[in-house]
Amino acid sequence: MATVLAIETSCDETAVAIVNNRKVLSNIVTSQIEIHRPYGGVVPEVASRQHLELINQGIGQSLATANLTWQEIDAVAATCTPGLVGALLVGVSAAKTLSIVHQKPFLGVHHLEGHIYASYLSAPELEPPFICLLVSGGHTSLIYVKDCGVYETLGQTRDDAVGEAFDKVARLLGLGYPGGPIIDKLASEGNSEAYWLPEGNISLPNGGYHPYDSSFSGLKTAVLRLVQKLQQENSKLPVEDLAASFQATVARSLTKRAIACALDYGIKTIVVGGGVAANSGLRKSLTAAGETANIAVLFPPLKFCTDNAAMIACAAAEHLERGHTSHLTLPAQSRLAI
Ligand code: KG4
Ligand code: ZN
């Protein structure tokens, strides 16, 4: 049973965690959200500098919380891709340095693989195959998890990630950042059938549409046009109804695609990950559709859905068990397919 210390700095969370296989021993996450909030989004250079400020403290805190010394750590891991390259570099460089100093193997982990492994932290008995619906500020993917390291991306967004769409729609409705939780709250007070909005289907030459891919940029533009029309009519913006209609459209679109993947591939489990897994509309819609289709739907606790290093440590531990390690020349890369 391997004990791994992992670092996650791909975006705006400085995270360090220690996991013993699928058991979390410490999970330190320092969010930079308040620093980026005035800008309405993450400023990459500011994020890198904050990671530098916070990383050493996170490593010390993680070891102290787990009550472990370096002798008891088997390997050091870090998210190496995808993400903001300057931000990734901080975590990767720190992990490589610790690996050299303490003479432990180093493992670079793909961020999306981490999100897949997050589901094991709250359901340690879970085993592939399953479908992972990954919905965050940076990603919208349907991944067929066949085995450790064996993944097939069945569906993805062609443009904006779903969390990005929540944030952009919140901005154009004059709400704050990040938009997801605010839209979620307002949606509970609105009528989800007040406005028809496009689900973001990707048309195919045969006249049908792609069963698993989606587009959220068109949906965002449709909300923008609707807002402009309502403003021209001088009516007070019905933000609750707009939020509810937008959220219901997103939930319907994601649910349809995730269930289609599971049914088409004969898979009985769907696991959800990423910050948008917190969305109450998606939770309700996918859970109900899963019950109808006899598919188990797992929503891990939010602390494992949003960016954290425990999921990275868990993925690294599974790879280490199989004898996999990374070379110290492994670079931090802004983009790489899983
Ligand atoms: O996974 P995450 O914490 O960070 C990455 O992007 O990797 O996801 C953040 C995204 C943001 O776009 C935020 O607006 C969205 O998750 N989000 C939500 C909710 N809570 C967070 N979206 C919809 N409903 C929510 N309740
Ligand atoms: Zn993420």
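I count a residue as buried if 20 or more other C-beta atoms lie within 10 Å of its own, as exposed if 12 or fewer do, and as partly exposed in between, with C-beta atoms placed from the backbone. Helices (H or I, at least four residues) and strands (E, at least two) are DSSP runs, numbered from the N terminus.

The model is predicted, and local features need pLDDT of at least 70, side-chain atom pairs count only at pLDDT 80 or more, while totals for chains, interfaces and linings use all residues. Residues are numbered from 1 along each chain as its sequence is written, and chains are lettered from A and ligands numbered from 1 in the order in which they are written.

**Entry: strand β5**

I looked up the burial of β5 and found five of its five residues buried, so the strand is largely enclosed by the rest of the structure. F106, G108 and H110 are buried on one side of β5, and L107 and V109 are buried on the other. I then checked its pairing (two strands pair if DSSP finds at least two bridges between them). β4 and β5 run parallel and share five bridges. One of the pairs joins A78 to G108 in β5.

**Entry: helix α3**

The 18 residues should span 26 Å, and the end C-alpha atoms are 25 Å apart, which agrees.

Which residues of α3 are buried? I noted A87, L88, V90, G91, V92, A94, A95 and S99. An α-helix has 3.6 residues a turn, so residues three or four places apart point the same way. For the cover I used contacts (C-beta atoms, placed from the backbone, within 7 Å). The cover over the buried residues of α3 includes β1 (3-8), α2 (44-66), β4 (75-81) and β5 (106-110). Q103 follows α3 and has a positive phi, near 55°.

**Entry: hairpin of β7 and β8**

Strand β7 (residues 140-147) and strand β8 (residues 150-156) are antiparallel and joined by six bridges. L142 has G155 of β8 as its bridge partner. The hairpin has two residues between the strands, and G149 in this hairpin takes a positive phi near 80°.

**Entry: two domains**

I took the domain bounds from an automatic or database domain assignment. The assignment gives domain 1 (3-119 + 305-321) and domain 2 (128-299). Their C-alpha centres lie 28 Å apart. Domain 1 gives 13 residues to the contact and domain 2 gives 18 residues. On the side of domain 1 that touches domain 2, α4 (111-122) and α11 (310-321) each supply at least two residues. The largest share of that side, five residues, is from α4.

I sorted that side by class, where Ala, Val, Leu, Ile, Met, Phe, Trp, Tyr, Cys and Pro count as nonpolar, Asp, Glu, Lys and Arg as charged, and the others, Gly among them, as polar. The side of domain 1 that touches domain 2 has five nonpolar, six polar and two charged residues.

**Entry: ligand 1**

I counted a residue as near if its C-beta atom, placed from the backbone, lies within 6 Å of the molecule. There are 19 residues around ligand 1, and G137, G163, G180, G275 and N279 come nearest. The elements that give two or more residues to this shell are α5 (162-172) and α6 (179-187). The largest share, four residues, comes from α6. I sorted the shell into six nonpolar, ten polar and three charged residues.

**Entry: backbone exceptions**

Most residues other than glycine have a negative phi, and most peptide bonds are trans. I listed these exceptions.

- The P128 to P129 peptide bond is cis, with omega near 5°, and P129 lies in the loop between α4 and β6 (130-135).
- The Y177 to P178 peptide bond is cis, with omega near -5°, and P178 is in the loop between α5 and α6.
- N67 has a positive phi, near 60°, and sits in the loop between α2 and β4. N67 is exposed, with 10 other C-beta atoms within 10 Å.
- N294 has a positive phi, near 60°, and sits in the loop between α9 (280-293) and β10 (296-298). N294 is exposed, with 9 other C-beta atoms within 10 Å.

How values were computed:
The expected span of a helix is 1.5 Å times one less than its number of residues. Two residues are in contact if their C-beta atoms, placed from the backbone, lie within 7 Å.
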